[in-house]
Amino acid sequence: MAKVEVFSAPSCGYCVRAKRLLESKGVAYVEIDVAGDPQKQQEMIARSGRYTVPQIFIDGEPIGGCDDLYALNRSGELDVRLGIAAKKSG
């Protein structure tokens with residue numbers, strides 16, 4: 001399974017949504033809390049080129065924020081990137 005990192009902040013609703021989606025798929029992730037930690041904030045910015053949380057990385061590749069994660073999920077690409085089989089319906 002892919003290595004997933006989530007740069008987030010406790011007061012961020014989008015961070016909660018993104019983490020819920022990952023959890024619903026049974027995906028373990030490393031959470032990096034950037035709130036009040038300028039060094040971690042700078043790491044997030046340097047790696048993603050973005051200043052907002054969440055910023056999500058799959059196997060070191062930046063995929064963006066919460067909306068980007070949900071768009072990947074809708075397209076089916078998220079399961080491919082995570083290395084998991086899509087859940088069968090029916």
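Contact means heavy atoms within 4.5 Å. Helices (H or I, at least four residues) and strands (E, at least two) are DSSP runs, numbered from the N terminus.

Housekeeping: this is a predicted model, where local features need pLDDT of at least 70 and side-chain atom pairs count only at pLDDT 80 or more, while totals for chains, interfaces and linings use all residues. Residues are numbered from 1 along each chain as its sequence is written, and side-chain values use heavy atoms, with hydrogens and water left out.

**Entry: helices on the sheet**

I looked up helix α2 (residues 38-48) and found it lying across β1, β2, β3 and β4, at about 125° to β1. Then I checked α1, which lies across β1, β2 and β3 and runs at about 160° to β1.

**Entry: the sheet**

In what order do the strands of the open sheet come? I read off β2-β1-β3-β4, 4 strands with mixed pairing. Two strands count as paired if DSSP finds at least two bridges between them. The edges belong to β2 and β4, each with a single partner strand, so one side of each has no neighbour in the sheet. On average, neighbouring strands are turned by 25° against each other, direction ignored.

**Entry: strand by strand**

I started with β1 and β3, which run antiparallel and are joined by 4 bridges. Here Val 6 stands opposite Ile 56 in β3. On to strand β2 (residues 30-33): 4 bridges join it to β1, and these two run parallel. Val 6 turns up again, opposite Glu 31 in β2. Going from β1 through α1 to β2, the chain makes a right-handed β-α-β crossover (with the strands pointing away from the viewer, the path from the first strand over the helix to the second runs clockwise). Last pair: β3 and β4 are antiparallel over 3 bridges, and Phe 57 stands opposite Pro 62 in β4.

**Entry: how covered is β1?**

I found 5 of the 5 residues of β1 buried (under 20% relative accessible area; exposed is over 50%, partly exposed in between, with a 1.4 Å probe and protein chains only). Val 4, Val 6 and Ser 8 are buried on one side, and Glu 5 and Phe 7 on the other.

**Entry: the core**

A nonpolar core is a set of buried Ala, Val, Leu, Ile, Met, Phe, Trp, Tyr and Cys residues joined through side-chain atoms within 4.5 Å. The largest one has 17 residues, and Val 4, Leu 22 and Leu 82 are among those touching the most other members. Elements giving it two or more residues are β1 (4-8), α1 (13-24), β3 (55-58), α3 (66-75) and α4 (77-82). The biggest share, 4 residues, comes from α3. There is also a second, separate core of 6 residues, including Ile 32 and Phe 57.

**Entry: two sides of α3**

Which residues of α3 are buried? I got Cys 66, Leu 69, Tyr 70 and Leu 72. They sit on the same side of α3, because they cover an arc of only 155° around the axis (taken from the directions from the helix axis to the C-beta atoms). Asp 67, Arg 74 and Ser 75 are exposed on the other side. Among the elements covering the buried residues are α1, β3, β4 (61-64) and α4.

Technical notes:
Axes are lines fitted to C-alpha atoms, for helices over the stretch in contact, and angles run from 0 to 180 degrees between N-to-C directions.
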